[in-house]
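Biologist: I should like to request a close look at a single part of this model. Please treat it in one connected account, with its surroundings included.

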Amino acid sequence: MTKALLLGVFLLGMVAQFVQPVGDALEGKVYAGGAILSLVGYVLYDAVSELDHRTPPESGSEIRTAELNEHIERVLGNRRTRRIRIDAIGYTGETVQAPVSRSLEALEEGARRNVRVRILVPDFTVPMAIPGTLDADGRAVDDPAYRAYQLDRVRWNVREFGGAARSLRGSRRAEMDVQFRMLRITPLLKFCLINGEELFDGIYDKVVQEPAPVPPERQILDLKGYQAVLTHWRSESGAAGREKVAQRQDLFDTLWRLSSPLPEVRAS
């Protein structure tokens, strides 16, 4: 419509230039022509503004870790997306487990999603300073009991995924393949990749000293990241986004190849 209006104004001006009666008729109609051009300018400005709003930014936008739930739910709830892959590095896997399970349970029966989840966590079977405790000199040292507690949390998330997978398969909502592996790395990295196209990139940005959740009574050092800022990158947003997503995907795939299965639970 805008193009037709512009073409009409142009043709009318050309006719008025060479056809005297038309030129005489339009003489003094400057205000009408100006109004038409103003209207065209308004329409064009609105269209450009809408295009700018819809175009993903070249640089990464920032969200809180708590908002990751919304993005996972958005992808899993999209009826046009049948196959979903989520690769994540975290502390215990809880940040991914909860929204994935909740989103899939909310699907209609027979939705038939195919979901693959890979989660890499620290190796809590070996000594580490953080999570840990403080020695008499105020230095961070290993706390075996707290490491065992964290490993139990990882296993709890594995069981929760397993229960969700059975329920989803029975209702034909989704087929879900979930794998947890561990690697001897400092548990600071925190990122999540969705379908190799979106990246949520950050770190556990706070170390706190707090009472231990398991006996004996003592203070432990722990990492917190629930309120950490994640940078959201999209492959479709431009060269910077594509490069960042590809780098993190390559890092994840490399670490995954170097990782080991979770240890078997010993019978008591």
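Which residues are buried in helix 6?

Modeller: The model is a predicted one, and its chain contains 7 helices and 12 strands. Of the 268 residues of the chain, 37% count as buried. Among contacts between residues at least 6 apart in sequence, 73% join residues at least 24 apart.

In helix 6, the buried residues are Tyr146, Arg147, Gln150, Leu151, Val154, Arg155, Asn157, Phe161, Ala164, Ala165 and Leu168. An α-helix has 3.6 residues a turn, so residues three or four places apart point the same way. Helix 6 is made up of 27 residues, and the distance from its first C-alpha to its last is 39 Å, close to the 39 Å expected at 1.5 Å a residue. The partners against which the buried residues of helix 6 pack are helix 5, strand 3, strand 6 and strand 10 (219-224). Just after helix 6 comes Arg172, with a positive phi of about 60 degrees.

Helix 5 (residues 94-105) deserves attention as one of these partners. With 12 residues at 1.5 Å a residue, helix 5 should span 16 Å, and the 17 Å between its end C-alpha atoms agrees with this. Its buried residues are Val96, Gln97, Pro99, Val100, Ser101, Ser103 and Leu104. They pack against helix 6 (144-170), and also against helix 4 (68-76), strand 2 (83-89), strand 3 (113-122), strand 6 (174-183) and strand 7 (189-194).

The axes of helix 4 and helix 5 come within 9 Å and cross at roughly 40 degrees. Angles under 35 degrees would count as roughly parallel; helix 4 and helix 5 are therefore oblique to each other. Their crossing is right-handed. On the side of helix 4, the contact involves Leu68, Asn69, Ile72, Glu73 and Leu76, which meet Thr95, Pro99, Val100, Arg102, Ser103 and Leu104 of helix 5. By class, the residues of this contact are 6 nonpolar, 3 polar and 2 charged.

The loop between helix 5 and strand 3 holds Arg112. Arg112 has a relative accessible area of 52%, and because exposed means over 50%, Arg112 is exposed. Leaving aside neighbours within four places in sequence, Arg112 is in contact with Arg82, Arg172 and Arg173. Arg173 lies 61 residues from Arg112 along the chain, yet their C-alpha atoms are separated by 4.8 Å.

Terms used. Residues numbered from 1 in each chain as written. Predicted model: local features only at pLDDT ≥ 70, side-chain atom pairs only at ≥ 80, totals over all residues. Heavy atoms only, no water. Helix = DSSP H or I, 4+ residues; strand = E, 2+ residues; numbered from the N terminus. Expected span 1.5 Å × (residues − 1). Buried < 20%, exposed > 50% of the residue type's maximum accessible area, 1.4 Å probe, protein only. Contact = heavy atoms within 4.5 Å. Axes fitted to C-alpha atoms, helices over the stretch in contact; angles between N-to-C directions. Parallel < 35°, antiparallel > 145°, perpendicular 65-115°, else oblique. Left-handed = near helix turned anticlockwise from the far one by under 90°. Nonpolar A, V, L, I, M, F, W, Y, C, P; charged D, E, K, R; others polar.
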